[in-house]
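Subject: Structure handover

Hello,

Here is the structure we talked about. Please open it first, then read on.

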Amino acid sequence: MSAIYRVGIIGCGSISHMHMTGYLGDERYQVVALADPVAEAGQAFGSQYDISKRYTDAREMLGQESLDIVSICTWHKLHAPMTIAACARKPRAILCEKPMGVNLGECDEMMIAAKRNNVKLAIAHQRRFNPVWTDARNLIAEGAIGAPMQVTTSGSQGLLNDCSHLLDFMRYVMSDPTAEWVMGNIERKTDRYERDIRIEDRSAGIIGFDNGAVGQLLQELHSQRRQGGRVYGEDGIMDIDERRIRLLNSKTGGWEERPSTGEDPSVGQATELADWIEGKVEHRGEASHGRAAIEIIMAIYESARLHEVVQMPVQTHCSPIDVMIDNGDLPVERPGRYDIRAFLLRGEEMQGE
Ligand SMILES: NC(=O)c1ccc[n+]([C@@H]2O[C@H](COP(=O)([O-])OP(=O)(O)OC[C@H]3O[C@@H](n4cnc5c(N)ncnc54)[C@H](O)[C@@H]3O)[C@@H](O)[C@H]2O)c1
């Protein structure tokens with residue numbers, strides 16, 4: 001009989017449903033408990049999925065339930081503290097939402113806590129389990145477009161949110177090269193926040209990878225925004241989104257379309273987590289990949305702060321955008337704080353954690 005892994009979910013908002021979809025898709029899991037300080041959020045989620053153990057304090061849940069798996073589905077600022085709190089109770093694995101942390105110091109603390117407590121830590125860049133992205137990765141590795149030379153992507157909602165996925169996309173489809181240098185810049189003329197994190201109005205980053213490819217990331221600069229991008233190789237071009245690949249090379253005689261085979265990435269992500277626990281595979285979302293995306297983001301901010309090319313590894317552990325804002329280097333010209341995700345909040349709250 002299959003093992004049953006006891007799962008607890010911290011944070012019962014929008015993304016927690018995708019975690020639930022993943023766990024429901026593999027019989028080795030049973031979601032036994034949830035925690036959310038907004039009681040109505042826990043009640044709604046618990047009723048929908050028949051989860052009877054409902055807590056308003058995540059640490060109480062971690063202390064009371066002996067969980068094998070913890071899903072962390074809170075806003076970004078709580079990813080590190082909740083991961084560290086969960087690690088201290090020694091579950092087998094943690095699936096924490098992206099972005100891994102809001103700076104590199106947090107990412108390192110999360111990895112130390114996981115290692116110290118022998119916990120497997122994965123970050124939910126779930127599109128690594130999208131069959132289209134995996135098909136693209138395999139085709140590129142097999143030489144379908146020759147050696148990758150350039151990869152371009154375009155997103156919105158700040159570097160940490162949308163663009164952490166896009167940087168992970170660049171690395172994943174090229175078989176996870178290491179970033180060697182980054183040149184970037186940002187504009188922040190309004191007091192813009194995303195899930196209570198200070199973000200820029202616009203940004204751009206150029207990334208030099210150790211496979212010889214150069215990445216280009218645009219944030220709020222280009223109208224074409226999607227989860228995916230375009231890879232230019234020595235012998236062809238691949239255009240990739242979540243639904244299909246379009247491939248052009250000397251053999252295709254025009255653009256060849258390869259549609260998705262339709263597997264749900266959330267289920268693949270959860271299945272591989274159990275397989276990882278059982279020693280069958282490494283997890284594609286293992287924490288070092290989540291950290292790699294954050295390191296490139298911090299390098300873009302650091303390049304903007306220092307006006308120079310940043311050579312990796314980044315050695316600044318706090319977020320350079322916070323340093324710039326606190327130093328007065330990014331004066332707001334149109335004052336007034338606003339959060340582009342305030343619509344997620346319940347009740348009277350307008351500024352969350
Ligand atoms: N992987 C993806 O594609 C994807 C998509 C959407 C969101 N996300 C990520 O998921 C995270 C959550 O985003 P969301 O859209 O679900 O937000 P949300 O606001 O819908 O949900 C967050 C939930 O966390 C709860 N919460 C707040 N403080 C808590 C605490 N101390 N303990 C337990 N729960 C607490 C809130 O009450 C809320 O119910 C973000 O970091 C976001 O980047 C990822």
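Below are the findings, grouped by topic.

**Ground rules**

This is a predicted model, in which local features need pLDDT of at least 70 and side-chain atom pairs count only at pLDDT 80 or more, while totals for chains, interfaces and linings use all residues. Residues are numbered from 1 along each chain as its sequence is written, and side-chain values use heavy atoms, with hydrogens and water left out. Helices (H or I, at least four residues) and strands (E, at least two) are DSSP runs, numbered from the N terminus.

**Two helix pairs**

Two packed helices are described by the angle between their axes and the distance between the axes. The axes are lines fitted to C-alpha atoms, for helices over the stretch in contact, and angles run from 0 to 180 degrees between N-to-C directions.

Start with helix α1 (residues 16-24) and helix α2 (residues 39-49). Their axes are 12 Å apart, at an angle of about 25°. That makes α1 roughly parallel to α2. The scale is this: under 35 degrees is roughly parallel, over 145 roughly antiparallel, 65 to 115 roughly perpendicular, and the rest oblique. The crossing of α1 and α2 is right-handed. A crossing is right-handed if the near helix is turned clockwise from the far one by less than a right angle, and left-handed if anticlockwise.

Which residues in α1 and α2 meet? From α1 come S16, H17, M20 and L24; from α2 come F45, Q48 and Y49. Contact here means heavy atoms within 4.5 Å. By class, the contact of α1 with α2 has 4 nonpolar residues, 3 polar ones and no charged ones. Nonpolar covers Ala, Val, Leu, Ile, Met, Phe, Trp, Tyr, Cys and Pro; charged covers Asp, Glu, Lys and Arg; the others, Gly among them, are polar.

Next come helix α7 (residues 162-173) and helix α9 (residues 287-306). Their axes come within 9 Å and cross at roughly 115°. That makes α7 roughly perpendicular to α9. The crossing of α7 past α9 is right-handed. In α7, S164, L167, D168 and R171 take part; they meet H289, A292, A293, I296 and I297 in α9. This contact of α7 with α9 has 5 nonpolar, 2 polar and 2 charged residues.

**Aromatic rings**

How many aromatic pairs are there? The count comes to 4. Rings of Phe, Tyr and Trp (its six-membered ring) pair if their centres lie within 6.5 Å; planes under 30 degrees apart are stacked, over 60 edge-to-face, and the rest tilted.

One of them is Y5 with Y29, a tilted pair at 6.1 Å centre to centre and 55° between the planes. Y5 lies in strand β1 (residues 5-10) and Y29 in strand β2 (residues 29-35), so the pair ties together parts 24 residues apart in sequence. Y23 and Y29 also pair, edge-to-face, at 4.8 Å centre to centre and 65° between the planes. Buried means under 20% relative accessible area, exposed over 50%, and partly exposed in between (1.4 Å probe, protein chains only).

**Two strand residues**

T153 sits in strand β7 (residues 148-155). T153 is buried, with a relative accessible area of 5%. Leaving out residues up to four places away in sequence, T153 touches L166, F169, M170, Q216, L217, L218, G228 and G229.

Q311 is in strand β17 (residues 310-311). Is Q311 buried or exposed? Q311 counts as exposed, at 53% relative accessibility. Beyond its neighbours within four places in sequence, Q311 is in contact with E180 and W181. The C-alpha atoms of Q311 and A179 are 8.8 Å apart, across 132 residues of chain.

**Backbone details**

The peptide bond from K98 to P99 is cis, with omega near -10°. P99 is in the loop between β5 (93-97) and α5 (104-116). M312 and P313 are also joined by a cis peptide bond, with omega about 0°. P313 is in the loop between β17 and α10 (320-327).

K90 is not a glycine, yet its phi is positive, near 55°. K90 lies in the loop between α4 (79-88) and β5, and is exposed at 53% relative accessible area. R195, not a glycine either, has a positive phi of about 45°. R195 is in the loop between β9 (190-194) and β10 (197-198), and counts as buried at 12% relative accessibility.

Best wishes
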